[in-house]
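Subject: Structure for you to look over

Hello,

Please find the structure below, followed by notes on what turned up in it.

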Amino acid sequence: MITNVEFTVGSLEVVTLEQAKKQLRIESSFTDEDDLIQSYIDAAVANCENYIGGHIIPGDLMLTYDKFDSPVVFEAFPLKTIDSVKYYEDNAEVTLAPEKYALTKQSEKVYKLRFKENLPITDERFDAVKITVACGFTGNTIPKPIVQAIKLQIADMYEYREDRTAILSTAAMSLLRPYKKF
């Protein structure tokens, strides 16, 4: 059974402050609202990640289990690699060799990690198995519609600084819809 899920965010500027200012038609020399605009950038990226159900900024997703399941089923979008499969045996952390497991894709967001041999016996603890996967886009692979949706949201937040009923603009939703994973 899964006991914990953690996501460690890497660093990637999806939209730079300069690009946001250009979208907002603000002179680059005007710096009075840089902090505000940066907060809009961060909020727009988070909002887009929530909408598509995945990670735009790359990072490591650590899945913790109390024991091995066969297969281990998990969600990650977009998945880049499996970094490691570790487990505790006799109070020592052991790394499972990559040739002892295989990854299969069940859907755009759901993966199954299957084991080619008998599963190791793990210690009885809530963090007996730790699987770390890299997910998210890299700088040159972020789809342009996602970047444009982020820019549209930044402009929307800048223009309408009060609370409104609409969460995402229609144009932004249209740009993000093909990347939305259910």
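N91 sits in the loop between β4 (79-89) and β5 (92-95); helices (H or I, at least four residues) and strands (E, at least two) are DSSP runs, numbered from the N terminus. Although N91 is not a glycine, its phi is positive, about 60°. N91 counts as exposed because its relative accessibility is 67%; the classes are buried under 20% relative accessible area, exposed over 50%, and partly exposed in between (1.4 Å probe, protein chains only).

Before the rest, the basis: this is a predicted model, in which local features need pLDDT of at least 70 and side-chain atom pairs count only at pLDDT 80 or more, while totals for chains, interfaces and linings use all residues. Residues are numbered from 1 along each chain as its sequence is written, and side-chain values use heavy atoms, with hydrogens and water left out.

Backbone

Most residues other than glycine have a negative phi, and most peptide bonds are trans. R25 also has a positive phi of about 60° and is not a glycine. R25 belongs to the loop between α1 and α2 and is exposed, at 80% relative accessibility.

One runs from S70 to P71, with omega near -5°; P71 lies in the loop between β2 (59-65) and β3 (72-75). The other runs from F77 to P78, with omega near -20°, and P78 lies in the loop between β3 and β4.

Sheet

An open sheet is formed by three strands in the order β3-β7-β6, with antiparallel pairing (two strands pair if DSSP finds at least two bridges between them). β3 and β6 (101-105) are the edge strands; each has a single partner, so one side of each lacks a neighbour in the sheet. From one strand to the next the twist averages 25°, with axes taken as lines fitted to C-alpha atoms (for helices over the stretch in contact) and angles running from 0 to 180 degrees between N-to-C directions. β6 and β7 (residues 110-115) run antiparallel and are joined by five bridges. Across this pair, L103 stands opposite L113 in β7.

Cores

A nonpolar core here is a set of buried Ala, Val, Leu, Ile, Met, Phe, Trp, Tyr and Cys residues joined through side-chain atoms within 4.5 Å. The largest has 27 residues, and those with the most contacts inside it are V14, V15, I56, I146, I150 and I154. Two or more residues each come from α1 (17-24), α2 (34-52), α3 (144-159) and α4 (170-176). α2 gives the most, with eight residues. Leaving out residues up to four places away in sequence, I56 touches V14, V45, C48, E49, G136, F137, I142, I146 and I150, where contact means heavy atoms within 4.5 Å. Apart from this core lies another, of 21 residues, including V72, A76, L96 and F115.

Loop residue T122

T122 is in the loop between β7 and β8 (129-135). T122 is buried, with a relative accessible area of 17%. Beyond residues up to four places away in sequence, T122 touches D66, K67, F68, Y87, Y88, A128 and V129.

Cysteines

Regards
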